[in-house]
Amino acid sequence: SETPALDAQVLLAHITGKSRAWLLAHPELKLSLSEEKKLNSALEKLQNNIPLPYVIGHWEFFGLEFHLSNAVLIPRPETEELIEHALSWLRASNARHVLDMGTGSGCIPISLARNIRDLNVVAVDISSSALNIARQNAQKHEVEITFAQSDLLANLPLATFDLITANLPYIPTKTLKTLEVFQREPTLALDGGESGLDLIQRLLKDAPRYLAPKGVIMLEIDSSHGAAALELAKKFFPEAENKLVKDLSKRDRFIIIQT
């Protein structure tokens with residue numbers, strides 16, 4: 001782990017039912033026998049290369065706790081920045097119809113719906129297992145979201161949306177097989193095809209029919225794909241304002257298409 005102390009706190013908080021702050025304030029804590037058994041079981045899974053969020057079954061994203069399984073990608077901090085961009089635009093425009101593609105655990109649409117209560121949100125994923133997790137999270141956070149199983153827009157009834165968000169798989173197939181994340185998280189949520197941009201290109205090709213006038217598309221991309229992704233945006237939306245936006249680490253991370 002790159003953050004062993006933090007991960008240890010998160011694991012112990014999960015096992016004891018205490019907050020991380022409480023644990024830090026009570027270093028004298030002794031685990032019960034049942035808690036020790038849970039800890040040893042969790043450590044064994046970690047040693048078998050199972051990521052901590054899958055071991056404990058949940059993870060925090062944008063101030064909310066999301067239920068996870070190995071059917072969905074573990075939410076990343078960079079994606080929280082996508083939420084910030086989306087909320088800022090939605091509040092400024094007063095637009096309320098949102099489509100989230102490749103929704104996974106539902107962290108993007110649920111975070112948006114929790115912060116703007118009158119949104120009309122549709123969330124799409126190709127995986128029925130992922131959608132089951134997303135539905136559980138929506139119920140947990142008490143938001144109304146329409147979930148649909150579709151290969152991108154292929155099986156989605158025609159409708160128009162003010163905002164389309166997507167954090168689609170963007171790792172090139174050959175590259176993915178060399179990374180530590182390969183076989184630790186679902187390949188379906190990581191594999192972006194030969195170029196890494198296959199799914200993004202497919203989405204942008206079909207998206208004009210689903211985007212309302214003056215609508216916006218916000219995509220998370222791999223930091224190495226900035227120029228290529230921007231060219232795709234210009235190809236399919238030649239009249240739009242197409243922007244490449246960096247994340248807090250100053251890496252190319254988002255494509256924003258404003259029609």
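A salt bridge is counted here where a side-chain nitrogen of Lys or Arg lies within 4 Å of a carboxyl oxygen of Asp or Glu, and a search of the whole structure by that criterion returns 7 salt bridges. The structure is a predicted model, in which local features need pLDDT of at least 70 and side-chain atom pairs count only at pLDDT 80 or more, while totals for chains, interfaces and linings use all residues. Residues are numbered from 1 along each chain as its sequence is written, and side-chain values use heavy atoms, with hydrogens and water left out.

**View A. The salt bridge between Lys140 and Glu65.** The two side chains meet at 3.0 Å, N to O. Because Lys140 belongs to helix H7 (residues 128–140) and Glu65 to strand S2 (residues 64–67), the pair ties together parts that are 75 residues apart in sequence; helices (H or I, at least four residues) and strands (E, at least two) are DSSP runs numbered from the N terminus. Lys140 is partly exposed, with a relative accessible area of 41%, and Glu65 is likewise partly exposed at 37%, where buried means under 20% relative accessible area, exposed over 50%, and partly exposed in between (1.4 Å probe, protein chains only).

**View B. The salt bridge between Asp118 and Arg96.** These side chains meet at 2.9 Å, N to O. The pair links distant parts of the chain, with Asp118 in the loop between H6 and S4 and Arg96 in the loop between helix H5 (77–93) and S3, 22 residues apart. Arg96 is buried, its relative accessible area being 18%.

**View C. The salt bridge between Glu231 and Lys234.** The closest N and O atoms of this pair are 4.0 Å apart, and both residues lie in helix H10 (residues 226–236), 3 residues apart, about one turn of the helix. Glu231 is partly exposed at 48% relative accessibility, as is Lys234 with a relative accessible area of 39%.

**View D. The cluster of Phe61, Phe62 and Phe66, linked by ring pairs.** Rings of Phe, Tyr and Trp (its six-membered ring) pair if their centres lie within 6.5 Å, with planes under 30 degrees apart counted as stacked, over 60 as edge-to-face and the rest as tilted, and by this rule the count comes to 2 aromatic pairs. The rings of Phe61 and Phe62 have centres 6.5 Å apart and planes at 40 degrees, so this pair is tilted, whereas those of Phe61 and Phe66, with centres 6.1 Å apart and planes at 75 degrees, form an edge-to-face pair. Both Phe61 and Phe66 are buried, Phe61 at 1% relative accessibility.
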